Amino acid sequence: MSRQYYIAGNWKMHKTRAEAAELAKALVDGLKDGKHKYLAAPGFTLLETVAALVKGSNIRLGAQNMAAEEQGAHTGEVSVLQLKDLGVETVILGHSERRHIYKEDDGLINKKVRLALKQGLEVILCVGETLEEREAGKAEAVCETQTVKGLEGVSAAELSKIVIAYEPVWAIGTGKTATPEDADAIHAYVRGVIGKLYGAEAAGKIIIQYGGSVKPENAAQLMAKENIDGALVGGAALKADTFVPIAKFS
Ligand code: PEP
């Protein structure tokens, strides 16, 4: 089954508006003849600036998180309605930095997933094991639990708006990449989990990105694997010089 490659940049807590504008312009220019699906996910305060620059291009606008409630007394949170108002089409949920630094659990992440879908956003649901869990032989089980719990209550129709990102925690921002073989094995496993939940056709269609120190030098080998359908890129997404070659891997 052929799936579209989907390359997403997570800018994390980097850049001012002027720096974000410079990067967004360079990405629009660098990717205008790109053949895959692309996303830029800048920080909340940069969304309006970047939205104006990617409008009409082949780059979608994404947010890195959102509140689990639609609106109300939630000091410091950002609502899905506010994101949509800025033109956000996609939200990254369950990133390992949210799970591990900010202690978001599967229940909270699932609430966010369902709210984002109800509001028509595409969701990139991140799953991945820590080094300790991998060394204890639990990588598959951890990814299965995070996938199953993250998607609780998500209908088969809504699944078309879900992208999974497999991001082994030990490979994020560390310079250590999972080997293409190791990554593909977990991708195949997660695809099997989707198959158990939603059937073989849905499993064949779902896009599963890899994330964890993806660079121009390793992107093509990762993408060549049967079950790897794209990348969620952190550090290398901060410069057009590194993101564009990943996004246009060959
Ligand atoms: C990420 O934050 O999603 C990520 C994969 O980061 P990096 O590419 O820097 O490892």
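In which loop is lysine 15 found? Lysine 15 is found in the loop between S1 and H1, and lysine 12 is found in the loop between strand S1 (6-10) and helix H1 (17-30). Helices (H or I, at least four residues) and strands (E, at least two) are DSSP runs, numbered from the N terminus.

The model is a predicted one, in which local features need pLDDT of at least 70 and side-chain atom pairs count only at pLDDT 80 or more, while totals for chains, interfaces and linings use all residues. Residues are numbered from 1 along each chain as its sequence is written, and side-chain values use heavy atoms, with hydrogens and water left out.

Most residues other than glycine have a negative phi.

| Residue | Phi | Relative accessible area | Class |
|---|---|---|---|
| Lysine 12 | about 50° | 19% | buried |
| Lysine 15 | near 85° | 27% | partly exposed |

When residues up to four places away in sequence are not counted, tryptophan 11 touches residues including Ala20, Leu23, Ala24, Leu27, Gln64, Ala237 and Leu238, a contact meaning heavy atoms within 4.5 Å.

For the chain as a whole, the secondary structure comes to 11 helices and eight strands. The radius of gyration, taken over C-alpha atoms, is 17 Å, close to the 18 Å that the globule rule (2.2 Å times the number of residues to the power 0.38) gives for 250 residues, so the chain is as compact as a globular protein of that length. Along the principal axes, the C-alpha atoms fill a box of roughly 45 × 45 × 35 Å.

Buried residues make up 54% of the 250 residues, and of the contacts with a separation of 6 or more, 73% are accounted for by residues 24 or more positions apart. The chain exposes about 11300 Å², of which carbon and sulfur atoms supply 52%, the areas coming from the Shrake-Rupley method with a 1.4 Å probe.

Technical notes
Buried < 20%, exposed > 50% of the residue type's maximum accessible area, 1.4 Å probe, protein only.
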